[in-house]
Amino acid sequence: MLVLGVETSCDDTAAAVLLDGRTILSNLVSSQDEVHGPYGGVVPELASRQHMRQILPIVDQAIERAGIGLKDLGGFAVTYGPGLTGSLLVGLSFVKGVSFRCGIPYIGVNHLEAHLLAVFLERDVPFPYIAMLASGGHTLLYLVRDFSDYIHLGGTRDDAAGEAFDKVAKMMGLGYPGGRVIDQMASNGDPRAISFPRSRMKSGSYDFSFSGLKTAVWHYLRDRGQRQWEDQKNDIAASFQEAVVDMLVAPTMRATKELRVRRVVLTGGVSVNSRLRIKMEEKAKEVGVKVYFPSPALCTDNGAMIALAGHHWLERGRRDALDLNADADLTL
Ligand code: KG4
Ligand code: ZN
């Protein structure tokens, strides 16, 4: 079965064609970084308007690159939550219209479920596994026991990990989004130069918190003044990044131990981080746990993962009616 996946939950307009839940025939993303860059974060109304401009060309190109026609599709899959309401509505309304016009079924997909399953686009991973999803909007830890069997273990109590990267980048005048720039600068800095705090949750909790760290960086910069910290900026980036990485790795590894799970899957934009990949792998190796990293293009928001999750539900006979609404706070 051919499934067209559409993703517009935040600031990427994405579409992909997936064959039999496995082979990616096309996977296109139109990023809005240039639109939101000057504001240092996503501006919801601008995001919706940009989706309106991009949705038709991106879907058209996804179909063309896949070398298929609309009539060949067995179904559509589209994110209906969580995310920005205005952004979600663009993709959802678009897909509903085309589905109705062509008489091809469609299914609404939970964006979080799609991230948790994205690894299957490249390889099979035996269940169960611990999935760590860290992006600009989410920092979540799940126990994935099977398709559609997800146990929420923990989440961030304040900022998402990617948001912390973006806010620190903004404080240092590095532009938006900031994760990749900090990652690059950190490779020339010393991660032990500054001892930024790592928040610790009560024992038994798998939650995360990044606001204390963000405030600590802010105080550090303010106390020194730009002229002084400018010379140290690679060390600041490396020390901040190391603290985020430690706070992501510790609960993930603890979950593998306490729940006796031998596999970890990383996903979300922050999981592209080079130091996170190294440190998670190091710690996992020490205790005999295997870590799976999907390719960067499948960790960040993309249409292929939406098509994959949709394929799984369509194959089980589920279809959505035309009254399905966007759900900004959808949980899993
Ligand atoms: O998953 P994603 O593309 O979009 C959503 O947030 O849903 O993730 C984007 C986030 C941004 O906050 C960005 O700064 C962060 O991922 N990011 C990184 C890296 N590349 C992107 N954070 C740390 N290191 C990176 N190399
Ligand atoms: Zn996402």
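Visitor: Which residues is I306 in contact with, leaving aside its neighbours within four places in sequence?

Guide: In this predicted model, I306 is in contact with G5, V6, E7, A77, V78, T79, V109, H111 and A114. Contact here means heavy atoms within 4.5 Å. I306 itself is found in helix α12, which covers residues 303–315.

Visitor: Why does I306 count as buried?

Guide: The term buried requires a relative accessible area under 20%. I306 has 0% relative accessibility, and therefore counts as buried.

Visitor: Which residues does L25 contact, leaving aside its neighbours within four places in sequence?

Guide: They are L2, V17, L19, R65 and A66. As for R65, it lies 40 residues from L25 in sequence, while the two C-alpha atoms are 7.3 Å apart in space.

Visitor: Why are α6 and α9 called roughly perpendicular?

Guide: Two packed helices are described by the angle between their axes and the distance between the axes. Helix α6 (residues 179–186) and helix α9 (residues 233–258) pack at an angle of about 110 degrees, with axes 8 Å apart. Angles of 65 to 115 degrees count as roughly perpendicular, and α6 and α9 are therefore given that description. The crossing in which α6 passes α9 is left-handed.

Visitor: Which residues make the contact between α6 and α9?

Guide: From α6 come I182, D183, M185 and A186, and from α9 come K233, N234, A237, A238, F240 and Q241. By class, six of the contact residues are nonpolar, two are polar and two are charged.

Visitor: How do you know that the radius of gyration of the chain agrees with that of a compact globule?

Guide: For 332 residues, a compact globule would have a radius of gyration near 20 Å; the chain has 20 Å, so the two agree. Along the principal axes, the C-alpha atoms fill a box of roughly 60 × 45 × 30 Å.

Visitor: What percentage of the residues of the chain count as buried?

Guide: Of the 332 residues, 53% count as buried. The chain has 12 helices and 10 strands. Among contacts between residues at least 6 apart in sequence, 74% join residues at least 24 apart.

Note on methods. Residues numbered from 1 in each chain as written. Chains lettered and ligands numbered in written order. Predicted model: local features only at pLDDT ≥ 70, side-chain atom pairs only at ≥ 80, totals over all residues. Heavy atoms only, no water. Axes fitted to C-alpha atoms, helices over the stretch in contact; angles between N-to-C directions. Helix = DSSP H or I, 4+ residues; strand = E, 2+ residues; numbered from the N terminus. Parallel < 35°, antiparallel > 145°, perpendicular 65-115°, else oblique. Left-handed = near helix turned anticlockwise from the far one by under 90°. Nonpolar A, V, L, I, M, F, W, Y, C, P; charged D, E, K, R; others polar. Rg over C-alpha atoms; globule rule 2.2 N^0.38 Å. Buried < 20%, exposed > 50% of the residue type's maximum accessible area, 1.4 Å probe, protein only.
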